[in-house]
Amino acid sequence: MASLQEPWLLENGNLKGSSKEIRHARTAHNMSSSSLRKKSDLTLVSKVRCGMLRHLLTNLQEVILGTKLTVLFPAIPLAIAAECYGFGRPWVFALSLLGLTPLAERVSFLTEQIAYYTGPTVGGLLNATCGNATELIIAIFALWQHKIQVVKYSLLGSILSNLLLVLGTSLFCGGIANLGKEQKYDRRQADVNALLLLLALLCHMLPLLFRISAASVSLTEVPILQLSRVSSIIMLLAYITYIIFQLVTHRQLFEAQEESVEDGDDVLSEETPVIGFWSGIVWLVGMTAVIALLSEYVVGTIEDASESWGLSVSFISIILLPIVGNAAEHAGAVIFAFKNKLDISLGVALGSATQIAMFVVPLCVIVAWILGIEMDLNFNLLETGALTLSIITTAFTLQDGTSHYLKGLALLLCYVVIGACFFLNKTPLNHGNVIDLGVKSAAGSVIAA
């Protein structure tokens, strides 16, 4: 690792905060991603005499080659070439999806590097905002193309994969790898996240119940849209309060996961930045631009991939997109579970699910409102039912503060069943909820009789 005496590491002056404070700016998301990083050997680079060239090569080595996912970077130019030269649309979709995997991990790395210079509070806010940047960008592009169902499916899939797949795999693998040890975690963090997830669930269920209980669907469209927008504002205010709770007033509740990693792990022992502040900003902007480009490809080709592969758009959006797009974060959570550090694994799974449910989803509703697009929080009966059971199952699983492999297996099996459900569900995009319409028809028949 380059030392702090190198001039490019002091582009913005001195570092802010002590090493302990800087560690507090790191979220479980950062710690999870750091397990996929590798130390760079700068021996050859340090021999370059030209300062600017040495600076550029150092940045390239740290940002591009400083991850175990470097092998996936070629998918990015291949996706661009496939789009420019008119290759098969499913190929564009698959290559873009693969290219998003290392980019998501690198965004986490860059926000952590910038946090070294901004201090723990600003760094924590930056990490909280950029933690699910990929999902947010994909959702915004889908909104821009008026693919509201793709937005809902992809965000729902991210929540389900975090609660059932990531958490389930972490608890299962951690339980198998530590059969002779008692696995414990801090219940207080899990309780906070579960409470916010239940609040988000309430905001999703009320529009659905509103529509089911009404005599006519047409009479509920405007009230449901208004209710969804008000609920979204409330959810965003609750999320802001949660950030203040996490970073300021009750920081001690979230320090356990940081203390648990201070036992000599190489991937987490780095307490100094490896790139400068302005370099981090430039790389972050560049990575975000590439994510935006690939996200546009993903949204634009998802229906072609669905038709070519014989899979429904709902299955691709709810199951495949979250699994591939967040593979780096998910793998990191499982790695820490193997090391019996469940606080970090839970922080990744629950923290990411909470951020999507309480920040990304309501933000998409507000952005759609600004763009003049009517997006509400009614995710239809089947989708909302899956979300409800997932949140309740997860809350019950984490209520006692201990874990074993059977809990993880149960969550994984829930995910498999839900995946099978959406695999068999062939409802096309922008199609009314068949079950919901069935309720209406039945209600109409009773009235007529």
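Predicted model: local features only at pLDDT ≥ 70, side-chain atom pairs only at ≥ 80, totals over all residues.
## Helix H5

Helix H5 covers residues 89-118, and at 1.5 Å a residue its 30 residues should span 44 Å, a value that agrees with the 42 Å separating its end C-alpha atoms. Most of helix H5 is covered, since 26 of its 30 residues are buried.

## Thr388 in helix H16

Thr388 lies in helix H16, which runs over residues 381-397. Because its relative accessible area is 13%, and buried means under 20%, Thr388 counts as a buried residue. The side chain of Thr388 reaches the backbone oxygen of Thr384 at a distance of 2.8 Å. When its neighbours within four places in sequence are left aside, Thr388 is in contact with Leu201 and Met205.

## A nonpolar patch on the surface

On the surface there is a nonpolar patch formed by Ile176, Leu179, Tyr405, Leu406, Leu409 and Leu413, which together have about 560 Å² of accessible area. Helix H17, made of residues 405-424, gives the most to this nonpolar patch, as it provides four residues.

Leu179 has a relative accessibility of 61%, and because exposed means over 50%, Leu179 counts as exposed.

Technical notes:
Residues numbered from 1 in each chain as written. Heavy atoms only, no water. Patch = residues over 30% accessible without salt bridge, like charges linked within 9 Å, V, L, I, M, F, W, Y side chains within 5 Å. Areas by Shrake-Rupley, 256 points an atom, 1.4 Å probe, with all protein chains shown as cover. Salt bridge = Lys/Arg side-chain N within 4 Å of Asp/Glu carboxyl O. Helix = DSSP H or I, 4+ residues; strand = E, 2+ residues; numbered from the N terminus. Buried < 20%, exposed > 50% of the residue type's maximum accessible area, 1.4 Å probe, protein only. Polar contact = N/O pair within 3.5 Å; in protein donor to acceptor, adjacent residues only side chain to side chain. Contact = heavy atoms within 4.5 Å. Expected span 1.5 Å × (residues − 1).
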